[in-house]
Amino acid sequence: MAELVYRPAVGLAQTLFKVWDLKIDCQGSENIPRSGGAVLVSNHISYLDFIFDGLAALPQKRLVRFMAKDAVFRHKISGPLMRGMKHIPVDRNQGETAYAHALESLRSGEIVGVFPEATISQSFCLKSFKSGAARMAQEAGVPLIPVALWGTQRLWTKGHPRNFKRSHTPVTIRVGEAIEASRDKYAGAITRQLRERVQELLEAAQRAYPVRPKDTSDTWWMPAHLGGTAPTPEQVREAETR
């Protein structure tokens, strides 16, 4: 079926990236399979993460169908776009429907994108991973593709105003080798392995990132353990329980 919405949307995004002169450093796209189903698993630090995760798949000529909260599909602007790009709505009260939809997509040879932290990490450190991605990969018989993003939080993230006027912003993307989701393994063990691999990729992306806190006066986007002023994971959890 022709991609009447997705491919033009990709073209628009690429044009905007050029206008903003974003410095995108993407490595490891060759780890995304050229055909067949796969679950693409990424950290989550920005409202724009799905765009950059999708960008990583383009060299392999693949389009990613992302699982996203159903509120995005009800929005008068984003809703038609999300449906047109065949992304998968997730109603947290009826998660089994989204799960079945994702399995159908995987079995038909699609790549499904998942953010196993479920929400944006305001500390910009990895949160715990839910096991749904591993279970889907096991049931559909497809691999897991780990991805780490860094720098996207500087454009638009939770708790901070979006800044699309920020030009020359570096964005680093690292795609890791596939992880097989064997059915004879416990999904929790696969999830731990997956999180460890995303953590390794995230640290690699952070090391490669060309901007450090000492280079800029706004250090809110850098984790505390790396010299920034973002809240620690403990501080975020404490704020969420208030």
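How do the residues of the lining of the second largest pocket divide into nonpolar, polar and charged? Four are nonpolar, four polar and three charged. The model behind this count is predicted.

**The pocket**

The second largest pocket has a volume of about 150 Å³. One stretch of its lining holds S121, Q122, S123, C125, L126, K127 and S128. P233, V236, R237 and E240 also line this pocket.

**The sheet**

Seven strands make up an open sheet. Their order is β1-β7-β6-β2-β5-β3-β4, and the pairing is mixed. The edges are β1 (23-27) and β4 (88-90), each of which pairs on one side only. From one strand to the next, the twist averages 20°.

| Strands | Sense | Bridges | Source |
|---|---|---|---|
| β1 and β7 | parallel | five bridges | β1 to β7 |
| β6 and β7 | antiparallel | four bridges | β6 to β7 |
| β3 (residues 64-69) and β5 (residues 111-114) | parallel | three bridges | β3 and β5 |

R65 stands opposite V112 in β5. Q27 has R174 in β7 as its bridge partner. L149 is bridged to I173 in β7.

**Strand β7**

How many of the six residues of β7 are buried? Six of the six are, so this strand (residues 170-175) is largely enclosed by the rest of the structure. Its side chains go two ways. P170, T172 and R174 point one way from β7. V171, I173 and V175 point the other way. Both sets are buried. R174, the partner of Q27, and I173, the partner of L149, therefore belong to a strand that is largely enclosed.

**Helices against the sheet**

Helix α6 (residues 132-140) is mostly covered, with seven of its nine residues buried. These are G132, A133, A134, M136, A137, Q138 and A140. What covers them? The cover includes the strands β2, β3, β5 and β6 (144-150). The helices α5 and α7 (187-208) are also part of the cover. After α6 comes G141, with a positive phi near 70°.

Methods: Residues numbered from 1 in each chain as written. Predicted model: local features only at pLDDT ≥ 70, side-chain atom pairs only at ≥ 80, totals over all residues. Heavy atoms only, no water. Pairing = 2+ DSSP bridges. Helix = DSSP H or I, 4+ residues; strand = E, 2+ residues; numbered from the N terminus. Axes fitted to C-alpha atoms, helices over the stretch in contact; angles between N-to-C directions. 1 Å grid on protein atoms, 1.4 Å probe; cavity = no way out; pocket = protein on both sides within 12 Å on 5 of 7 lines; lining within 4 Å. Points joined across faces, edges and corners; volume = space filled by probe spheres on them. Nonpolar A, V, L, I, M, F, W, Y, C, P; charged D, E, K, R; others polar. Buried < 20%, exposed > 50% of the residue type's maximum accessible area, 1.4 Å probe, protein only. Contact = heavy atoms within 4.5 Å.
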